[in-house]
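Let's walk through this structure together, one neighbourhood at a time. Have your viewer ready, and follow along as the pieces are joined up.

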Amino acid sequence: FSTHTTAGITINENADPDVPRDMLHWLKSRIPQNGEFRHGEGNADAHLKTSLFGVSQTVIVDEGRLALGTWQGVFLAEFDGPRTRKVLVKVIPTT
């Protein structure tokens, strides 16, 4: 869980570095930083992008390892930085 309103968490391909690049390129073209926003801090685009990504993901942990697909990785998507960020992780044991 990301405790920030301008950083999201997503799961996507983690093998080809062009995938995150393509995602950021697409987001910047659709939601430009200098759009006609009224938010006074100048980071309204980051708030919108975070809302699209969401601030949490659920991942199964199996035998101490994340149960992701072969190509998957978990990404903290920073839309207003670089900044120091905090991510909270909770593991719920099964019985």
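Helices (H or I, at least four residues) and strands (E, at least two) are DSSP runs, numbered from the N terminus. Before going on, note that this is a predicted model, in which local features need pLDDT of at least 70 and side-chain atom pairs count only at pLDDT 80 or more, while totals for chains, interfaces and linings use all residues. Residues are numbered from 1 along each chain as its sequence is written, and side-chain values use heavy atoms, leaving out hydrogens and water.

Now step back into H2 itself. Its buried residues are Ala-44, Asp-45, Ala-46, Lys-49, Thr-50 and Phe-53; buried means under 20% relative accessible area, exposed over 50%, and partly exposed in between (1.4 Å probe, protein chains only). Their cover includes strand S1 (7-13), helix H1 (18-30) and S4, where contact means heavy atoms within 4.5 Å.

The term stands for a side-chain nitrogen of Lys or Arg within 4 Å of a carboxyl oxygen of Asp or Glu. Asp-45 and Lys-49 are separated by about one helical turn, because they are four residues apart in helix H2. An α-helix has 3.6 residues a turn, so residues three or four places apart point the same way. Asp-45 counts as buried at 4% relative accessibility, and Lys-49 does too, at 5%.

The salt bridge count comes to four. Another of them joins Asp-22 to Arg-21, with the closest N and O atoms 2.7 Å apart. Here Asp-22 is partly exposed at 42%, and Arg-21 is partly exposed at 44%. Arg-83 and Asp-80 also meet in a salt bridge (2.9 Å, N to O), and Asp-80 is buried at 17%.

What about aromatic rings? The whole structure holds one aromatic pair. The ring centres of Phe-53 and Phe-79 lie 5.2 Å apart and their planes are at 75°, so the pair is edge-to-face. (Rings of Phe, Tyr and Trp, its six-membered ring, pair if their centres lie within 6.5 Å; planes under 30 degrees apart are stacked, over 60 edge-to-face, and the rest tilted.) This pair links distant parts of the chain, 26 residues apart: Phe-53 is in H2 (residues 44-53), and Phe-79 is in the segment after strand S4 (72-78).
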